Amino acid sequence: MMNINNSQFLSIEQLQNQYLKQQKVNSQSSTAQQGMSFGEILHKQQSQGMQSTESVRFSKHAANRLSDRKIELTDEQLERLNDGTKKAGEKGIRDSLVLVDQLAFIVNTKSNTVITAMDQTEADENIYTNIDGAVII
């Protein structure tokens with residue numbers, strides 16, 4: 001198990017500013033299939049407030065991983081992640097691996113929080129530990 005030093009983490013505002021500075025302007029006019037930046041996901045989550053208890057949240061660690069690995073989720077992928085998390089929780093899985101396309105998320109279903117995120121190609125030997133179930137969406 002990795003030791004995580006709390007001093008490594010930025011505040012959400014710092015992370016959002018850092019990520020938005022790195023984000024390139026997308027020239028496509030259609031937003032239906034575009035990837036959502038971390039900032040957009042965060043803004044969407046904040047604007048929904050307490051209305052949606054079904055939508056997953058991202059821990060600081062997961063937010064850092066999304067930013068570091070330049071992972072952007074489409075609306076459809078985020079919806080599938082939420083669906084997979086809900087299904088895992090209904091089956092009694094506490095810590096689930098949720099696979100969405102080529103993305104792997106470790107999600108705590110009790111708190112509805114993404115603990116970490118990665119591209120499956122980055123996973124060493126495709127071994128995932130400290131989970132008690134998996135959902136492939």
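Residues are called buried at under 20% relative accessible area, exposed at over 50%, and partly exposed in between, with a 1.4 Å probe and protein chains only. By this criterion, buried residues account for 41% of the 137 residues in the protein chain. The structure is a predicted model, in which local features need pLDDT of at least 70, side-chain atom pairs count only at pLDDT 80 or more, and totals for chains, interfaces and linings use all residues. Numbering starts from 1 along each chain as its sequence is written, and side-chain values use heavy atoms, with hydrogens and water left out.

The accessible surface of the protein chain is about 8900 Å² (Shrake-Rupley method, 1.4 Å probe; for residues, only the protein chains shown count as cover). Carbon and sulfur atoms hold 47% of that surface. Contacts are defined by heavy atoms within 4.5 Å. Of the contacts between residues at least 6 apart in sequence, 59% join residues at least 24 apart.

The protein chain contains 4 helices and 5 strands. These are DSSP runs numbered from the N terminus (helices: H or I, at least four residues; strands: E, at least two). Their order from the N terminus is α-α-β-α-α-β-β-β-β.

The 5 strands build an open sheet with mixed pairing, in the order β1-β4-β3-β2-β5. Two strands count as paired if DSSP finds at least two bridges between them. β1 (57-58) and β5 (133-136) are the edge strands, each pairing on one side only. Strands of a sheet pair through backbone hydrogen bonds, either parallel or antiparallel. β1 runs parallel to β4, with 2 bridges. Here phenylalanine 58 has valine 114 of β4 as its bridge partner.

β3 pairs on both sides in the antiparallel sense, over 6 bridges with β2 and over 6 bridges with β4. Leucine 97 stands opposite isoleucine 106 of β3. On the β4 side, phenylalanine 105 is bridged to alanine 117. Both pairs are hairpins. The β2-β3 hairpin has 2 residues between its strands, and aspartate 101 in the turn has a positive phi of about 55 degrees. The β3-β4 hairpin has 4 residues between its strands, and asparagine 112 in the turn also has a positive phi of about 55 degrees.

β3 is largely enclosed by the rest of the structure, because 6 of its 6 residues are buried. Leu103, Phe105 and Val107 lie on one face, and Ala104, Ile106 and Asn108 on the other.

α3 lies across β1, β3 and β4, at about 20 degrees to β4. α4 packs on the sheet and touches β1, β2, β3, β4 and β5; its direction makes about 145 degrees with that of β2. Axes are lines fitted to C-alpha atoms, for helices over the stretch in contact, and angles run from 0 to 180 degrees between N-to-C directions.

A nonpolar core is a set of buried Ala, Val, Leu, Ile, Met, Phe, Trp, Tyr and Cys residues joined through side-chain atoms within 4.5 Å. The largest has 17 residues, of which Phe58, Leu73, Leu81, Phe105 and Val114 touch the most other members. Two or more residues come from each of α3 (60-68), α4 (75-90), β2 (95-100), β3 (103-108) and β4 (113-119). β3 gives the most, with 3 residues. Leucine 81 touches Val56, Phe58, Val98, Val100, Phe105, Val107 and Val114, leaving aside residues up to four places away in sequence. A second, separate core has 6 residues, including Leu97, Leu99, Ile106 and Met118.
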